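Welcome! Here is a short briefing to read alongside the sequence and the 3D view.

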Amino acid sequence: MANPPERREYDIDIPAEVEPGTYADFASIWHTADSFVLDFAVLKRPPKPSVAEDGSRVLKVPTRVVTRVRVPPSQVFEIMKGLEKQLSMWERSHGVKRRSPEDT
């Protein structure tokens, strides 16, 4: 092309049944050779202490995956940049970054 466009804008159409979204308390992220996989889950019931096979104490957190999203590796950095941008905007609006107990 002689004059390529300066930027790309997506006109996103969201089907009515998807528009409300799906709530998730937790995300498990893993990868294969071809994709990154994000499993979004909700807690099924309160966590409870348990003992692992090796005798160590663990807190069992029963969850149920509500949706799985597969992403090509080429899109992971774009998703990370988008999340960082939105988190920064959220922090400017709400003032405080909420941290999970695992981060403390």
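A residue is called buried under 20% relative accessible area, exposed over 50% and partly exposed in between, with a 1.4 Å probe and protein chains only. By that definition Leu 59 is exposed, because its relative accessible area is 54%. This is a predicted model: local features need pLDDT of at least 70, side-chain atom pairs count only at pLDDT 80 or more, and totals for chains, interfaces and linings use all residues. Residues are numbered from 1 along each chain as its sequence is written, and side-chain values use heavy atoms, leaving out hydrogens and water.

**Fold**
- The protein has 5 strands and 1 helix (DSSP runs numbered from the N terminus: E of at least two residues for strands, H or I of at least four for helices).
- Along the sequence, the pattern reads β-β-β-β-β-α.

**Overall shape**
- The C-alpha trace spans about 70 × 40 × 30 Å along its principal axes.
- The radius of gyration is 19 Å, whereas a compact globule of 104 residues would have one near 13 Å (taken over C-alpha atoms, the globule rule being 2.2 Å times the number of residues to the power 0.38).
- Of the 104 residues, 9% count as buried.

**A look around Leu 59**
- Leu 59 sits in strand E4, which covers residues 57–60.
- Leaving aside residues up to four places away in sequence, Leu 59 touches Pro 47, Lys 48 and Pro 49 (contact means heavy atoms within 4.5 Å).
- Trp 90 is 31 residues from Leu 59 in sequence and 31 Å from Leu 59 in space, C-alpha to C-alpha.
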